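Welcome! Please open the structure in your viewer and keep the selection tool ready.

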Amino acid sequence: MKDERRRNALMLEGLGDRFQRESKYVRGETLVGGMSWESLPEPYKFYTNVQIVNLPEPKKLSEMSLDEALRKRESIREYSSKPIQLDQLSYILWAANGIRNRDANQEFRTAPSAGALYPIETYLLVSNVSDLYPGIYHYSVRKHELETLKKGNFTKEIVRAGMGQEMLRMAAVTFIWTAIFERSKWKYRQRAYRYIYLDAGHIAQNLALAATSLGLGSCQIGALYDDEVNLIIGVDGIEESVLYMSTVGQLAE
């Protein structure tokens, strides 16, 4: 009877069920890939021949304690029309996944990552940030600066790609997180996908707490049309694809 139930369950399982089952670690099996150092993926993505936006040095902007931020954090879906400041954006980018310390050849970030491989990239759809043109930007983690990909108002496009969620229209900025999958697969093979999703979650929580500490609202978004968001930021959806988003804005009065 037990074997029959198992066979029936396997017949009914979907793609997610199979992934969960087939990406399990099993004692005695090799846990990681070949890890040829010659094929180690680049740890950072850079755009060339683009306009660079220098960000203010990330600095402490709030006296709110971690305990208070944890107690106040909530999903905020309504924002005022007031812009957020560039130094606030700079701090949130750093807090979410920036470099907190450099030691010899190592760079330590504010968020953990499996194997310190950091597959997540951050893009911004800016609508209402002081001293920053509306447009699409990529965050250069190593240099703590923004790379300008497109200028213009893309609110209509992101609302449509975000399944019509109104907070995307009201937000001062929408953070868009992608993964470059090979960075993690180089070591962890198919198990890498589990770690990639966890990495994105660590970063999103850092952002939510940083925004709360600055008196701003944020809401994390997993419901989106992947290929439409990929098109907005200009990634292929195969080697690199969107995973997650978050809105940030001034609290509605």
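We will visit a strand and its partners, then some aromatic rings, and finish with charges over rings.

Before you click, note that this is a predicted model, where local features need pLDDT of at least 70, side-chain atom pairs count only at pLDDT 80 or more, and totals for chains, interfaces and linings use all residues. Residues are numbered from 1 along each chain as its sequence is written, and side-chain values use heavy atoms, leaving out hydrogens and water.

**Stop 1: strand S5**

Select residues 135-140, which make up strand S5. Helices (H or I, at least four residues) and strands (E, at least two) are DSSP runs, numbered from the N terminus. Six of the six residues of S5 are buried, so the strand is largely enclosed by the rest of the structure. Here, buried means under 20% relative accessible area, exposed over 50%, and partly exposed in between (1.4 Å probe, protein chains only).

In a regular strand, side chains alternate between the two faces of the sheet. On one side of S5 you will find Gly 135, Tyr 137 and Tyr 139, and on the other Ile 136, His 138 and Ser 140, all of them buried.

**Stop 2**

Two strands pair if DSSP finds at least two bridges between them. Look for Tyr 123 opposite His 138 in S5.

Ser 140 stands opposite Glu 145 in S6. S5 and S6 form a hairpin with four residues between them, and in the turn His 144 has a positive phi of about 50°.

**Stop 3: aromatic pairs**

How many aromatic pairs does the structure hold? There are six. Rings of Phe, Tyr and Trp (its six-membered ring) pair if their centres lie within 6.5 Å; planes under 30 degrees apart count as stacked, over 60 as edge-to-face and the rest as tilted.

Select Phe 181 and Tyr 193: their ring centres are 5.4 Å apart and their planes at 35°, so this pair is tilted. Phe 181 is buried, with a relative accessible area of 11%, and Tyr 193 is buried at 18%.

Then show Phe 175, Trp 177 and Tyr 244, which ring pairs link into a cluster.

**Stop 4: charges over rings**

A charge sits over a ring if NZ of Lys or CZ of Arg is within 6 Å of the ring centre and within 35 degrees of the ring normal. Select Arg 109, which lies over the face of Tyr 118, at 4.1 Å from the ring centre. Finally, select Arg 191: its charged end sits over the ring of Tyr 25, 4.1 Å from the centre.
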